[in-house]
Amino acid sequence: MVNVTAFGRPKRLFLQAVPVFILIIMLTGCSMNGKNEDPVQPSSEYTRFNHIFIDIFDTLINIIGYARSQEDFDHLKNLIYDELHHFHILFDGFNEYHRINNIRTINENAGIQPVEVHNDIITILKTGIAFYHETNGAVNIAIGPVTNIWREYIKAAEPRIPDKTTLSAADVLTHIGDVIINEENNTVFLPHAGMSLDTGSIGKGYAVRKAAQKAMDAGFDSFVLSVGGDIYAANGPRNGERNAWRVGILNPRNTGEFVDTILINNTAVFTSGDYLRFFMVDGTRYHHIINPRTLMPADRVSSATVIHPDAVIAEILSLAVFILEIDEAREILANFNAEAIWVLADGTVITTNGYDTFR
């Protein structure tokens, strides 16, 4: 039985995924480092608000924030919504939009012509190229030809596993050095027909970073934003209890329980896992995260969570450390002062040395 037939970014599957999101925001804050810090002084000026929408990035988005009035909170959520919607369109590799060149437009013009794009697309592609090298090739925004094949095979009437010959032929078109960016003209060109960009490893993190920054620039500093369970927390809740947000990390094999909780503010928490978008073939579980070295779904761990102040880095590294051997992943995490939590298939939890900073 196939549980989810989408690959890469899911298409209209958020209603199935809502009950089992990876990260759950607790309703109360708690002090950092487990210390008995003085509680935040309560203020009658602020009220806790919550809003959910489900029409961006095809997932559930939750905003919890403290504001002086409903009107102020509505302004906050509208700022965040507009920013996320902007990036939802730009980074969409599946749909076209009137008079907007996005990732799909670039892919459709592979081998034909350069495409003029918004500067934000230039920025994420340059970042993706840089992190290809930083992650030893584990994160490759040019892997589209391979993920497209997986998507086709999964969506077939009888889902099956692509053969190695087919995947290897597609892999020839995934060379990161073939992505041509012309910053002077703001164009992107994929010179070979069949090339395809897949920004699923970076697009959401970039959108979260920009949306959170826009909200803070507007004067909102006490909120947490969850996009499909990946989180950015600004300053702690203004509830007079504690100065940080508590985030639970779910057990990937039993999403009704937590393996641990962490305490954060001004920090992003992103998770890659094998348990939301997966499918079964001949009794074997396969999922959507492809290891570029093997062209098969990564199989080292069940989930990998990365904690870092920058949502872009948190998202990219969560994917990288899900794919890589843990020792290799630790070296990369150390380069960015990032922390990680791995859950293995047998339920074993492994953390980096600095993880206790967030408990």
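Modeller: Here is a walk through the salt bridges, pair by pair.

This is a predicted model, where local features need pLDDT of at least 70, side-chain atom pairs count only at pLDDT 80 or more, and totals for chains, interfaces and linings use all residues. Residues are numbered from 1 along each chain as its sequence is written, and side-chain values use heavy atoms, with hydrogens and water left out.

The whole structure holds 13 salt bridges (a side-chain nitrogen of Lys or Arg within 4 Å of a carboxyl oxygen of Asp or Glu). One of them joins Lys 126 to Glu 183, at 3.0 Å from N to O. Lys 126 sits in helix α4 and Glu 183 in the loop between β5 and β6, so this pair ties together parts 57 residues apart in sequence. Helices (H or I, at least four residues) and strands (E, at least two) are DSSP runs, numbered from the N terminus. Lys 126 is partly exposed at 38% relative accessibility. Glu 183 is also partly exposed, at 48%. Buried means under 20% relative accessible area, exposed over 50%, and partly exposed in between (1.4 Å probe, protein chains only).

Next, Lys 204 and Asp 230 meet at 2.7 Å, N to O. Lys 204 is in helix α7 and Asp 230 in strand β8, 26 residues apart. Both Lys 204 and Asp 230 are buried.

Asp 274 pairs with Arg 253, with the closest N and O atoms 2.8 Å apart. Both lie in loops, Asp 274 between β11 and β12 and Arg 253 between β9 and β10, so the pair ties together parts 21 residues apart in sequence. Asp 274 is buried at 6% relative accessibility, while Arg 253 is partly exposed at 39%.

Finally, shared partners join Asp 260, Asp 356 and Arg 359 into one salt-bridge network.
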